[in-house]
Amino acid sequence: MELKRVVVTGLGALTPIGNNIEEYWEALVAGKSGGAPITYFDTEKFKTKFACELKNFDPLDFFDRKEVRRLDRFAQYAIVASDEAIKDSGINLDTVDKYRVGVIWGAGIGGLETFQNEVLNFANGDGTPRFNPFFIPKMIADIAPGNISIRHGFMGANYTTVSACASAANAMIDALNNIRLGHSDIIVSGGSEAAVTMAGMGGFNAMHALSTQNDNPQTASRPFDATRDGFVLGEGSGALILEEYEHAKARGAKIYAEVLGGGLSSDAYHMTAPHPEGNGVVAVMENCLRNAEMKPEDVDAINTHGTSTPLGDVAELKAISKVFGEHAKTININSTKSMTGHLLGAAGAVEAISAILSMQHGIVPPTINHEHKDENIDPELNLTLNKAQKRDVKVVMSNTFGFGGHNACVLFKKYDE
């Protein structure tokens with residue numbers, strides 16, 4: 001059976017540095033940081049008092065008050081980004097075969113704020129189980145693609161992938177394979193997360209996973225820098241329209257890129273820590289290249305997982321050197337988490353969008369906030385430090401890894417008829 005070609009025909013983004021694709025890309029190229037003091041709750045007793053929240057986002061600009069009450073923020077974000085991507089794709093919702101349009105979405109946590117607030121309300125009550133009737137439907141991770149399909153009448157495959165911070169990349173790989181095998185013409189894919197909550201910040205602080213550089217929230221996310229001390233929590237959503245090539249071509253769709261392949265692996269090592277030699281990361285990149293039928297020397301740029309953690313950054317770069325050999329020194333390597341923070345289950349989507357736009361515009365966004373060289377990192381690697389670099393990017397890789405050792409890698413190619 002010959003596999004179908006799959007292309008990207010629409011993009012949507014809601015991020016800490018831009019509330020749509022245009023704003024997001026401009027901020028990436030400019031090296032803008034989304035780090036700032038938390039506004040959602042009182043952080044006085046918290047170890048970390050900052051995050052990468054959305055800026056100037058009002059759900060009432062997109063939903064009526066009734067809808068807002070029924071949607072957790074992570075689902076709101078999913079709908080807003082997917083609406084932008086669907087509009088961008090130019091899909092005719094009146095004529096498209098909606099039985100062949102699906103939604104495969106990623107979320108690592110889902111409605112954490114809803115869960116937190118309902119449990120707090122119960123704990124502060126008299127023991128009577130008074131829960132909001134929308135408690136469960138607001139909270140469950142699969143409600144985001146459910147709401148997207150209801151909104152547009154899409155009746156194809158519909159589910160959520162959950163693999164911590166690899167969730168959105170897993171969703172894109174599932175979408176790729178679904179279309180490749182001929183099951184769907186179009187899949188709305190991506191991921192969303194809204195974990196900047198008391199429970200989210202407290203939980204990650206308890207793991208010592210977050211940066212505590214409260215005096216410098218804008219520079220706290222510093223991948224590959226010797227003084228990095230943990231990731232900065234972000235929120236938002238990224239959406240991509242994946243479409244079968246002939247279907248896209250027949251309707252005259254704008255094509256951003258071709259999705260060449262995806263790879264998966266497991267570290268099989270530790271609940272939260274990466275393997276120090278990056279064995280699982282080596283495997284996932286090799287699996288991705290094999291699936292895409294590409295050679296290491298074909299890759300021009302890599303948007304790394306690069307979370308700004310002491311162990312993770314070094315392990316990933318070691319793995320890149322193992323997989324790509326001497327060619328690794330010619331690749332533009334970057335981490336856009338230095339600007340957006342870590343969007344957890346949405347990270348793979350917003351970073352894939354950055355990777356695709358780097359091919360479109362011939363510019364690789366920078367890894368900002370780098371001041372101190374880490375002696376454990378090969379100085380010959382081009383980490384695209386502090387300033388965007390112009391480059392003709394033809395093939396780009398996007399890495400995402402999750403707690404539990406989940407690794408996912410997606411490879412995109414500049415569109416060529």
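Me: What do the buried residues of H6 pack against?
Reply: They pack against H3, strand S4 (101-106), helix H5 (135-139), strand S5 (158-161) and strand S6 (186-193); contact means heavy atoms within 4.5 Å. Helices (H or I, at least four residues) and strands (E, at least two) are DSSP runs, numbered from the N terminus. This is a predicted model, in which local features need pLDDT of at least 70 and side-chain atom pairs count only at pLDDT 80 or more, while totals for chains, interfaces and linings use all residues. Residues are numbered from 1 along each chain as its sequence is written, and side-chain values use heavy atoms, with hydrogens and water left out.

Me: How many residues of helix H6 are buried?
Reply: In helix H6 (residues 143-152), 8 of the 10 residues are buried, so the helix is largely enclosed by the rest of the structure. Buried means under 20% relative accessible area, exposed over 50%, and partly exposed in between (1.4 Å probe, protein chains only).

Me: Which residues are those?
Reply: They are Ile143, Ala144, Pro145, Gly146, Asn147, Ile148, Ser149 and His152. After H6 comes Gly153, with a positive phi near 75 degrees.

Me: Which residues other than glycine have a positive phi?
Reply: Leu344 is one of them, with phi at about 50 degrees. Asn369 is another, with phi near 70 degrees.

Me: Where is Leu344, and is it buried or exposed?
Reply: Leu344 is in the loop between helix H12 (337-340) and helix H13 (347-361), and it is buried, with a relative accessible area of 3%.

Me: And where is Asn369?
Reply: Asn369 is in the loop between strand S11 (363-364) and strand S12 (389-390). Asn369 is buried, with a relative accessible area of 13%.

Me: Changing topic, how many aromatic pairs are there?
Reply: The structure holds 10. Rings of Phe, Tyr and Trp (its six-membered ring) pair if their centres lie within 6.5 Å; planes under 30 degrees apart count as stacked, over 60 as edge-to-face and the rest as tilted. The rings of Phe57 and Tyr77 have centres 5.4 Å apart and planes at 80 degrees, so this pair is edge-to-face.

Me: Which parts does that pair tie together?
Reply: Phe57 lies in the loop between strand S3 (50-51) and helix H2 (65-70), and Tyr77 in helix H3 (residues 73-89), so the pair ties together parts that are 20 residues apart in sequence.

Me: Why is the pair of Tyr245 and Tyr415 tilted?
Reply: It counts as tilted because the planes are at 50 degrees, with the ring centres 6.3 Å apart. Tyr245 is buried at 4% relative accessibility, whereas Tyr415 is partly exposed at 24%.

Me: How are the domains assigned?
Reply: The domain assignment gives domain 1 (7-251) and domain 2 (262-414). Their C-alpha centres lie 21 Å apart, and the contact takes 65 residues from domain 1 and 62 residues from domain 2.

Me: How many salt bridges lie between domain 1 and domain 2?
Reply: There are 2 between them; a salt bridge is a side-chain nitrogen of Lys or Arg within 4 Å of a carboxyl oxygen of Asp or Glu. Asp313 forms a salt bridge with Arg228, where the closest N and O atoms are 3.4 Å apart.

Key
Domain bounds come from an automatic or database domain assignment.
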